[in-house]
Amino acid sequence: MTGRKQPPISQDHPALRGFDAFDLRLGDVMRGERATIGKSLIDVQRELKIKATYIAAIENADPSAFDTPGFIAGYVRSYARYLELDPEWAWQSFCREAGFEQPHGLSASASAPKPQRSKGLDSLGDPNAAFVPRTESFLEQIELRALGSLSVLLLLVGAVGYGAWAVLQEVQRVDLAPVDQTPGVVAELSELSQAPDQIRPGMAFESAGVTSPSVDALDRLYRPRALDVPVLEPRDGPISAVEPGSVGALAESAVDRPVMRAAPEPVSAPEPVVPQVLADAAPQLNILAVRPAWVRISSADGTVLHEKILEPGERWVVPATEQPPVLRAGNSGAIYFEINGQTYGPAAPGSQVVRDVALSSQALTESYALADIEADQALADIYVAEASQ
């Protein structure tokens, strides 16, 4: 249309190639997958517990960055699983691109010292690398709003402290105001300011219009009063040792009284009074276990008196209380009750749990029948062993 001639298209021009026509390297695929999930090398290191240097070496197909060649396969497969790639394909691609061959456990290369790194990975050890997060300085971490809040807080604390100090000083201050009138007490004692030779006794009373007391009046004032009650002097010894003929109105004259005194009889200590029990003693009650059984004995107010696992042949004597205690036991088929030499029970058949069993002789004899010793071989063995001792 413009009049210009376009060159003819050569038939030998190569066809345009698409995306699939290019061979993608392993590192390009892994970097693309890592960028898709939005992870950096430090994030992968934190989640996989693999150094960021090793991750970069896997993406660059550089086996010289690893300390031990025997661990390279595990690192490559773990990183491939993390990116949701085929682990075997990733490992074969790494070996093909790096020209690496997995050494077996007995080879010298498996325990060989670390090879020299390539210069392309020297930047991974640099703390200023692009993928390494930079640490903020102290000044960058300080916010201006925080400084403003801190300054306001300091001013407020200082104002409150100064106000408290001022109030304390005001409270403790004492002001003395001069007055023109002399206090009354000082006016009355003004005569004391005279010379000592001019002061005489009774001068203060004369100035006040009061007559000074006489010596007799002061003597009566400080004289001790007569006692309202007689003073009793205690005598040493019991009252039974006092002879009525020697003291008081019945005292005899010294001529008529014979000189004869009887020695006081020794006072013996009274014999202890033994209480006499008229009521019959309560029957003795024992809890017998023929097999291991857990028991808990509680008083009427809920206090636990005894709690343990009774072994075979072990007995526990139930104390005599005003209100009978209660029993709770497991494996109740092994629990029997001995009342004055007679055995009752068991507490319940089998291994079930019994609760709130009143431990009184009357209640147990009414609730349980005499035990059949032949029916329980364990009970019979216990009595036979006790009889043979």
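This section describes the fold of a predicted model, from its overall composition to its sheets and selected residues.

The mean pLDDT of the protein is 76, and 65% of its residues reach 70 or more. Over residues 118-123 the pLDDT falls below 50. Beyond near neighbours in sequence, that stretch has eight contacts in the model. The protein contains 12 helices and eight strands. Of its 389 residues, 23% are buried.

Helix α5 covers residues 87-98. Its 12 residues should span 16 Å at 1.5 Å a residue. The end C-alpha atoms of α5 are 16 Å apart, which agrees with that expectation. Six names make up its buried set: Pro 87, Ala 90, Trp 91, Ser 93, Phe 94 and Cys 95. In an α-helix there are 3.6 residues a turn, so residues three or four places apart point the same way. Among the buried residues of α5 are Pro 87, Ala 90 and Phe 94. The buried residues of this helix pack against three other helices: α1 (26-36), α3 (52-59) and α4 (72-82). Just after α5, Gly 99 takes a positive phi of about 65°.

An open sheet of four strands has the order β4-β1-β6-β7, and its pairing is antiparallel. The edge strands are β4 (315-317) and β7, each of which pairs on one side only. Neighbouring strands of the sheet are turned by 25° against each other on average, direction ignored. Helix α12 packs on this sheet and touches β1, β4, β6 and β7. The direction of α12 makes about 115° with that of β1.

The pairings can be followed across the sheet from β4. Strands β1 and β4 are joined by three antiparallel bridges. Here Ile 287 stands opposite Trp 316 in β4. On to β6, strand β1 (residues 285-289) pairs in the antiparallel sense over five bridges. Leu 288 has Tyr 336 of β6 as its bridge partner. Strand β6 then pairs with β7 (residues 342-344), antiparallel, over three bridges.

Strand β6 spans residues 335-339. Five of its five residues are buried, so the strand is largely enclosed by the rest of the structure. In a regular strand the side chains alternate between the two faces of the sheet. Both faces of β6 are covered. Ile 335, Phe 337 and Ile 339 are buried on one side. Tyr 336 and Glu 338 are buried on the other.

Strand β2 (residues 293-298) and strand β3 (residues 304-310) pair in the antiparallel sense over six bridges. They form a hairpin with five residues between the strands. Within this hairpin, Gly 302 takes a positive phi near 95°. Strand β2 is also joined to β5 (residues 326-329) by four bridges, and these two strands run antiparallel. Val 295 has Ala 329 of β5 as its bridge partner.

Ser 298 lies in β2. The bridge partner of Ser 298 in β3 is Val 304. The relative accessible area of Ser 298 is 13%, under the 20% limit, so this residue counts as buried. Leaving aside neighbours within four places in sequence, Ser 298 is in contact with Thr 303, Val 304, Leu 305, Pro 325 and Val 326.

Gln 377 is placed in helix α12 (residues 377-388). With a relative accessible area of 51%, over the 50% limit, Gln 377 is therefore classed as exposed. Gln 377 and Val 290 are 87 residues apart in sequence. In space, their C-alpha atoms are 9.2 Å apart.

Terms used: Residues numbered from 1 in each chain as written. Predicted model: local features only at pLDDT ≥ 70, side-chain atom pairs only at ≥ 80, totals over all residues. Heavy atoms only, no water. Buried < 20%, exposed > 50% of the residue type's maximum accessible area, 1.4 Å probe, protein only. pLDDT = per-residue confidence, 0-100. Contact = heavy atoms within 4.5 Å. Expected span 1.5 Å × (residues − 1). Pairing = 2+ DSSP bridges. Axes fitted to C-alpha atoms, helices over the stretch in contact; angles between N-to-C directions.
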